[in-house]
Amino acid sequence: MTSSSVTARRLAAAALAAGALVGAAALPATAADRSHRENVEISRVQYDSPGWDNGSNRSLNNEWVEVTNNSRHRVNLDGWRLTEDRRGVTYTFRHFSLGGHQTVRVHTGVGRDTARDLFQDRRNYVWDNRRDTATLRNDSRRVVDAVTWGERNHRGDDNRGHDGRGQHRR
């Protein structure tokens, strides 16, 4: 065997080993990213705008859903969807990431988006005051969290907890 063929085989083996290390290192990062995404939830819902439902922008913006990132890592919400399940009204997050341990409030009405407040820019109410479900889906359309209010469970109890947020399902 010539020294050039030995060198070539050693280089090829080193390249394969390096590729395997890079591939193995990438797996935990992907799993970690997934676990951060799973720590995002609908934390509160104000489905009944306080006061008279007069359709004003102020009243519309007093109807909102809060989404919280419970992880310490920033999560990219670009392409995620917040959906009202009864009529299928959907808000899609665009170019937005949520910092670790941060909450964003998604208002129904018109406004200027900030890091803490996003606006659907709608002229009509989204959430039913009596019974509805808010569902949060990631960019792969997988359900991340959902909150239901006003439905009755098998015991006949209202599913809303003492905080009025509704019942979560994942």
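I began with the rings: ring pairs join Y47, W127 and W149 into a cluster. Rings of Phe, Tyr and Trp (its six-membered ring) pair if their centres lie within 6.5 Å, with planes under 30 degrees apart counted as stacked, over 60 as edge-to-face and the rest as tilted.

I noted that this is a predicted model, in which local features need pLDDT of at least 70 and side-chain atom pairs pLDDT 80 or more, while totals for chains, interfaces and linings use all residues. Residues are numbered from 1 along each chain as its sequence is written, and side-chain values use heavy atoms, without hydrogens and water.

Aromatic pairs. I searched the whole structure and found 4 aromatic pairs. Y47 and W149 are stacked, at 4.5 Å centre to centre and 5° between the planes. This pair links distant parts of the chain, 102 residues apart: Y47 is in the loop between β1 (40-46) and α2 (57-61), W149 in strand β10. Helices (H or I, at least four residues) and strands (E, at least two) are DSSP runs, numbered from the N terminus.

Burial. I took buried as under 20% relative accessible area, exposed as over 50% and partly exposed as in between (1.4 Å probe, protein chains only). Y47 is buried at 8%, and W149 is buried at 0%.

Strand β10. I counted 6 of the 7 residues of β10 (residues 143-149) as buried, so the strand is largely enclosed by the rest of the structure. Strand β9 (residues 132-137) pairs with β10 in the antiparallel sense over 6 bridges; pairing needs at least two DSSP bridges. T133 stands opposite T148 in β10.
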